[in-house]
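I opened a notebook for this chain and wrote down what I looked up, entry by entry.

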Amino acid sequence: MNLHERSLSVLACQYVDEVIIGAPWEISKDMITTFNISSVVHGSIAENDDFQEERDNPYAVPISMGIFKVLDSPLDITTTTIIRRIVSNHEAYQKRNQKKGESEKRYYEDKTYVSGD
């Protein structure tokens, strides 16, 4: 999905009021005030779970304001696992598309005109 499709998918969730496209990495007090943010959440499964130990914690302001929550992720899927799946299935995908291409080529080569008589 492209960026707009992903945004619309997230907006379809009943718990989401707004999606901020191009949001900064660190959440500032100004951003929270400007967008009237009442809750900042982070899933329990992520590429980088050690954000709280980082010197520049991107969630420092929401944590200090008491509006930060960690949600239990129901699945252990990350972008890395999705990339691994794509790479491992790439060869099968290529073979399938090659077979479809050959079938389509044969169809057009063998296609004949059908008379309406």
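Where is the place of Ser39? I found Ser39 in the loop between α2 and β1. I am working with a predicted model, in which local features need pLDDT of at least 70, side-chain atom pairs count only at pLDDT 80 or more, and totals for chains, interfaces and linings use all residues. Residues are numbered from 1 along each chain as its sequence is written, and side-chain values use heavy atoms, with hydrogens and water left out.

**Entry: Ser39.** I looked up its cover: Ser39 is partly exposed, at a relative accessible area of 34%. (Buried is under 20% relative accessible area, exposed over 50%, partly exposed in between, with a 1.4 Å probe and protein chains only.) Leaving aside neighbours within four places in sequence, I noted contacts of Ser39 with Ile67 and Lys69; contact means heavy atoms within 4.5 Å. Ser39 and Lys69 are 30 residues apart in sequence, and their C-alpha atoms are 7.4 Å apart in space.

**Entry: Asn36.** I found Asn36 in the loop between α2 (29–34) and β1 (40–43). Asn36 is not a glycine, yet its phi is positive, about 55 degrees. I noted Asn36 as exposed, because its relative accessible area is 66%.

**Entry: the fold.** How many helices and strands does the secondary structure of the chain come to? I counted four helices and two strands, in the order α-α-β-α-β-α along the sequence. Helices (H or I, at least four residues) and strands (E, at least two) are DSSP runs, numbered from the N terminus.

**Entry: overall dimensions.** Along the principal axes, the C-alpha atoms fill a box of roughly 80 × 35 × 25 Å. I also noted that 12% of the 117 residues count as buried. Of the contacts between residues at least 6 apart in sequence, 55% join residues at least 24 apart.

**Entry: Ser7.** I looked for Ser7 and found it in helix α1 (residues 3–11). Is Ser7 buried or exposed? Ser7 counts as buried, because its relative accessibility is 9%. Not counting residues up to four places away in sequence, Ser7 touches Val19 and Ile21.

**Entry: aromatic pairs.** I searched the whole structure and got two aromatic pairs. Tyr59 is buried, with a relative accessible area of 15%, and Phe68 is buried, with a relative accessible area of 15%. Tyr107 and Tyr108 form an edge-to-face pair, with 5.1 Å from centre to centre and 70 degrees between the planes. Rings of Phe, Tyr and Trp (its six-membered ring) pair if their centres lie within 6.5 Å; planes under 30 degrees apart count as stacked, over 60 as edge-to-face and the rest as tilted.

**Entry: Asp72.** I found Asp72 in the loop between β2 (68–71) and α4 (79–110). Asp72 is exposed, with a relative accessible area of 72%. From C-alpha to C-alpha, Asp72 and Ser28 are 24 Å apart in space, and they are 44 residues apart in sequence.
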